[in-house]
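Dear colleague,

I am passing the structure below on to you, and my notes on the backbone and the strands follow it. Please read them with the structure open beside you.

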Amino acid sequence: MMSAPRAAEVIVVGAGVVGIATALQLRLAGMDVLLLDRDPPAAATSSGNAGAFAVSEVLPLAGPGILRQVPGWLLDPLGPLALRWSSLPGLLPWLTRFVLASRPARVTALSTQLAQLLGRVNADYAPLIAHCGLTDSWRRHGALALYPDAAALAADMADWQRRAALGVRWQPCAAAEVAALEPALLAPWQQGVRIADWSHVDDPYLFSLGLFQQFVREGGRFLQQPVASLLQQNGRAQGVCLDDGRRLPAAEVVIASGVWSDRFARQCRQPLPLAAERGYHLNLPHAGVALHHFLLNARDSFVILPLPDGGVRLAGTVELAHRDAAPDYRRSHLLLDKARAMLGELCTDGMTAWMGSRPSVPDSLPVIGPSSRLSHLYFACGHGHLGLTLAATTGAMLRDHLSGAAAIPEACWPGRF
Ligand SMILES: Cc1cc2nc3c(=O)[nH]c(=O)nc-3n(C[C@H](O)[C@H](O)[C@H](O)COP(=O)(O)OP(=O)(O)OC[C@H]3O[C@@H](n4cnc5c(N)ncnc54)[C@H](O)[C@@H]3O)c2cc1C
């Protein structure tokens, strides 16, 4: 058996963007950090997302509006939401909590919490991105949410007003203005809302890798090994045990294992309702369309990430299924026709499809904070649609909590479930 690395002050389990950014924030605060992943860094969900820092997404998914739309979507095989019926029994407890989270008082509380997290994203990322030398890849051009007609925009206006009340800055854009901002857009996709504070990166995988490389340059340690279990004694986490039996002691353990985090929660009886909200992308590296802004198709719930040299990444759709079920790449391809309706003919040379599992909790608020079952154990998971967006903030919150500078709000702790 190989010898175990020396004991760490903090072990972070999972090197997706959340684990990487957390490890980096802790390391920059002077902590001795060991980051563990069974795979190379950023190889799972963080590799293929849409690259957006989606700071306006302050409304939880389980709003009254979405519940009205769900039945229609489920009947439409090409709709933005699909459910693998064979996975339904396993998903029922999560879905029940999802419906409960849509009660008006709960939505108000969750929106306020989400707005507080999202309101600090740009301030948390700016110094980190500069420190990592990634400023050139951070495109702070804003986003356009697009509608096919004034009635569709009007139907969403109550949600935009709610976002404004929570501090999100946006302006309506008349068709002429949309056409001037993005000449490639076809009618009727020219009714819009501009969200100035959105930003994006061309390649979320390379961006996450850039954060990881800085972590290593700062003296952070990475070990590519699967983690089997938590080491625990007398109600206290003491490190982790690897699949090969090696025991790695640590003063603190952070679980940032994305959609797989509930495995460790079960080991310490921490209730953690996580579901795989699977999403798809279609990459068209030579699409032949020049875009400047990140685009959101507000009617069909998908997004368009501009890639360098005229490429685009189409991303979105929600498929509720077991995390290990085989991908259904028809869900990637259904985005192509919808994007062509907005942008005209798109060249498909070199096209690739991808599926990833968003680690989603029913109330849309990420799980960040100490375990209520084991001392010295923390969770940083359940970021759903916002893992890239909230990674630096998650790391900053854990850094401040562990150093005693500022406690993480209890509303984010796993003990709420
Ligand atoms: C189509 C799509 C588009 C998206 N677009 C956006 C977007 O534009 N903006 C945004 O903010 N978010 C977006 N998201 C969501 C975002 O991708 C996720 O929230 C984020 O990647 C989750 O990161 P993570 O680090 O928690 O998990 P992951 O990236 O999944 O990382 C978890 C890691 O834990 C490791 N792990 C698990 N178990 C073990 C174990 N036992 N031992 C060792 N290692 C283990 C895994 O190998 C993995 O590397 C999108 C998601 C999808 C699917």
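This is a predicted model: local features need pLDDT of at least 70, side-chain atom pairs count only at pLDDT 80 or more; totals for chains, interfaces and linings use all residues.

Residues are numbered from 1 along each chain as its sequence is written. Helices (H or I, at least four residues) and strands (E, at least two) are DSSP runs, numbered from the N terminus.

Most residues other than glycine have a negative phi, and most peptide bonds are trans. Ala 187 and Pro 188, however, are joined by a cis peptide bond with omega of about 5°, and Pro 188 sits in the loop between helix H7 (175-181) and strand S8 (191-195).

Arg 269, not a glycine, has a positive phi of about 60°, and it lies in the loop that runs between helix H9 (262-267) and strand S14 (275-284). Ser 364, also not a glycine, has a positive phi of about 70°, in the loop between strand S18 (352-360) and strand S19 (367-370).

A residue is called buried if 20 or more other C-beta atoms, placed from the backbone, lie within 10 Å of its own, exposed if 12 or fewer, and partly exposed in between. Arg 269 is exposed, with 10 such atoms, whereas Ser 364 is buried, with 25.

In S14, 9 of the 10 residues are buried, so this strand is largely enclosed by the rest of the structure. S14 pairs (at least two DSSP bridges between two strands) with S18 in the antiparallel sense over 9 bridges, with Glu 277 bridged to Arg 358. Strand S17 (residues 312-320) also runs antiparallel to S14, joined by 7 bridges, and there His 281 has Ala 315 as its bridge partner.

With best wishes
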